[in-house]
Amino acid sequence: MLRLIRRCPEYVVGYKEFCQELYDHNVVYFRPTRPENIDADWFFRTKDWYDKKEKGLIEGQSPSLHYWAVDGGQFIGEFQLRTEFTEKVLMDIGSIGYGVKVSQWGKGYGTEILRQGLAIAKAQGMEKVLFTINEKHSASLHVCEKLGGILEDTIDAYNEAEGQHRLRRYWITL
């Protein structure tokens with residue numbers, strides 16, 4: 001059974017495999033840590049930064065909660081929740097980011113990660129969340145719409161990973 005858990009050292013190897021698969025398959029819609037930066041000390045080296053990010057203490061970044069998705073001891077994916085609607089959240093990255101290990105695509109994990117993530121957002125006191133999805137990313141569009149996403153608009157956007165693209169902005173009321 002899939003569970004969203006807080007980042008922990010026990011799953012670092014699985015997280016590195018997840019990151020490697022996304023980079024190997026040139027997945028640009030969700031960019032995790034570069035796998036070559038993840039070594040035996042990575043979790044402890046980055047823990048303070050993630051703790052500060054969660055508390056909103058990283059200048060220029062929305063507070064962000066990070067969870068890992070695991071199923072029966074296997075690393076499946078990642079979930080991120082940004083709890084404030086900054087300009088960057090509204091016009092670029094959205095409230096929620098999630099990714100599924102490429103080898104686990106097509107098994108319903110994206111839907112379950114998002115379903116559990118929405119419960120976390122509600123428990124954080126959020127009344128709604130914003131998804132920003134590249135209009136070419138049909139799987140995420142499907143998952144968002146399946147779980148109640150209401151399209152607000154489509155805007156022109158740019159980032160280094162995706163280049164120039166059209167970004168659909170969806171709201172889900174919790």
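Colleague: Does Gln80 count as buried or exposed?
Modeller: The relative accessibility of Gln80 is 11%, in a predicted model where local features need pLDDT of at least 70, side-chain atom pairs count only at pLDDT 80 or more, and totals for chains, interfaces and linings use all residues. Residues are numbered from 1 along each chain as its sequence is written, and side-chain values use heavy atoms, with hydrogens and water left out. The term buried means under 20% relative accessible area, exposed means over 50%, and partly exposed lies in between (1.4 Å probe, protein chains only). At 11%, therefore, Gln80 counts as buried.

Colleague: With which side chain does the side chain of Gln80 make a polar contact?
Modeller: Gln80 belongs to strand E3, residues 74–82, where helices (H or I, at least four residues) and strands (E, at least two) are DSSP runs numbered from the N terminus. A polar contact is a pair of N or O atoms within 3.5 Å; within protein, one must be able to donate a hydrogen and the other to accept it, and residues adjacent in sequence count only if both atoms are side-chain atoms. At 3.0 Å, the partner of the Gln80 side chain is the side chain of Arg82.

Colleague: How far apart in space are Gln80 and Ser95, C-alpha to C-alpha?
Modeller: Setting aside residues up to four places away in sequence, Gln80 touches several residues, including Phe30, His66 and Ser95, a contact being heavy atoms within 4.5 Å. Although Gln80 and Ser95 are 15 residues apart in sequence, their C-alpha separation is 8.0 Å.

Colleague: What relative accessible area does Gln104 have?
Modeller: Gln104 sits in the loop between strand E4 (96–100) and helix H4 (109–123). Beyond its neighbours within four places in sequence, Gln104 is in contact with Gln74, Ile76 and Tyr109. Although it lies in a loop, Gln104 is buried, because its relative accessible area is 8%.

Colleague: What is the phi of Asn26, which is not a glycine?
Modeller: Most residues other than glycine have a negative phi. Asn26 is found in the loop between helix H1 (12–24) and helix H2 (42–54), and Asn26 is exposed, with a relative accessible area of 52%. Its phi is positive, at about 50 degrees.

Colleague: Is Ile133 buried or exposed?
Modeller: Ile133 is part of strand E5, residues 128–134. Leaving out residues up to four places away in sequence, Ile133 touches, among them, Leu141, Cys144 and Leu167. Because its relative accessibility is 6%, Ile133 counts as buried.

Colleague: And does Lys136 count as buried or exposed?
Modeller: Lys136 lies in the loop between E5 and helix H5 (138–146). The C-alpha atoms of Lys136 and Cys19 are 117 residues apart along the chain and separated by 21 Å. With a relative accessibility of 70%, Lys136 counts as exposed.

Colleague: What radius of gyration does the chain have?
Modeller: The chain holds 5 helices and 7 strands, and 52% of its 174 residues count as buried. The radius of gyration is taken over C-alpha atoms, and the globule rule is 2.2 Å times the number of residues to the power 0.38. For 174 residues a compact globule would have a value near 16 Å, which agrees with that of the chain, 15 Å.
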